[in-house]
Amino acid sequence: MTDKRRHSWVTIRDSIREMILNSTYGPGDKLPQDEEFAARFGCARSTVHRAMQDLAQNGLVQRRRKGGTTLQRDPVTRTTLSIPITRLEAEQKGSVYRYQLIRQSRQPFHPAILANFGLHEARPMLRVEALHLADSRPYVFEDCWICVETVPEIKDVDLTRESANEWLVRNRPYSRCDLRLYARRGTKRDSEILQSDVGNALFVMERTTWIGDAPITSLRAVAHPGYHLFTQG
């Protein structure tokens with residue numbers, strides 16, 4: 001192992017994480033100071049500091065100025081979830097993808113959507129309802145509300161040819177995202193759109209995004225029975 005690799009903050013982080021996982025340190029324990037870890041690993045204190053920052057960001061330890069580093073009593077595991085692009089999902093499964101715009105309309109507000117965004121006053125919204133198909137069968141139905149003040153460019157996008165969600169993922173990065181995943185029984189409207197039986201268990205993904213404090217979009221995606229969401233962290 002080279003010195004560069006041995007002294008990598010990633011290697012130090014993984015070594016400390018292994019000590020946590022094998023119960024060398026338990027929930028609530030105070031960890032050695034950065035200087036002690038630096039001496040133990042034969043690396044710079046700044047390398048340990050960087051490793052500890054990552055462990056803190058991922059919810060394993062708590063760092064306090066002049067208070068040292070403590071292992072969380074209830075560690076939180078964090079990961080990155082990529083927003084799926086439905087077209088790519090379908091194509092990666094070997095299916096022939098097709099997109100169908102059902103309806104788009106300008107609407108001043110909707111109480112539930114304003115609540116999702118945490119807004120108290122109405123904002124002009126563009127509502128886009130669309131169906132994604134795989135091998136000519138309904139795959140995912142999307143009901144997407146877009147804040148026109150934050151994304152004025154959406155007015156010039158031909159949404160009969162391109163999915164609003166895919167355009168937003170590619171062109172409007174977000175800084176904050178609320179995500180909710182759940183299953184519910186299909187309604188009569190679900191049955192009509194997805195060509196499924198009423199009462200079928202359906203996978204639902206609700207996502208709201210912001211750039212800073214400015215709302216971007218609030219979306220509900222309902223998938224056909226049998227849909228699987230796969231992600232890696």
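Is S196 buried or exposed? S196 is buried, because its relative accessible area is 7%. Buried means under 20% relative accessible area, exposed means over 50%, and partly exposed lies in between, using a 1.4 Å probe and protein chains only.

The model is predicted, so local features need pLDDT of at least 70 and side-chain atom pairs count only at pLDDT 80 or more, while totals for chains, interfaces and linings use all residues. Residues are numbered from 1 along each chain as its sequence is written, and side-chain values use heavy atoms, with hydrogens and water left out.

Stay with S196. This residue sits in the loop between α8 (188-194) and β7 (201-211). Helices (H or I, at least four residues) and strands (E, at least two) are DSSP runs, numbered from the N terminus. Beyond its neighbours within four places in sequence, S196 is in contact with D190, S191, L202, H224 and P225. Contact means heavy atoms within 4.5 Å.

Now turn to another loop, the one between β4 (125-134) and β5 (137-147). Most residues other than glycine have a negative phi. D135 has a positive phi of about 55°. S136 also has a positive phi, near 65°. D135 is partly exposed, with a relative accessible area of 32%. S136 is exposed, at 56%.

Next come the aromatic rings. The structure holds four aromatic pairs. Rings of Phe, Tyr and Trp (its six-membered ring) pair if their centres lie within 6.5 Å; planes under 30 degrees apart count as stacked, over 60 as edge-to-face and the rest as tilted. F37 and F41 form a stacked pair, 5.9 Å centre to centre with 20° between the planes. Why are F37 and F41 separated by about one helical turn? They are four residues apart in helix α3 (residues 34-41). Both F37 and F41 are buried.

Y139 and Y227 pair edge-to-face, at 5.6 Å centre to centre and 65° between the planes. This pair links distant parts of the chain. Y139 is in strand β5, Y227 is in the segment after β8 (214-223), and 88 residues separate them. Y139 and Y227 are both buried. Ring pairs also bring in F203, making a cluster of Y139, F203 and Y227.

Finally, look at charges over rings. A charge sits over a ring if NZ of Lys or CZ of Arg is within 6 Å of the ring centre and within 35 degrees of the ring normal. The charged end of R50 sits over the ring of W9, 3.9 Å from its centre. For R176, the charged end sits over the ring of W210, 3.7 Å from its centre.
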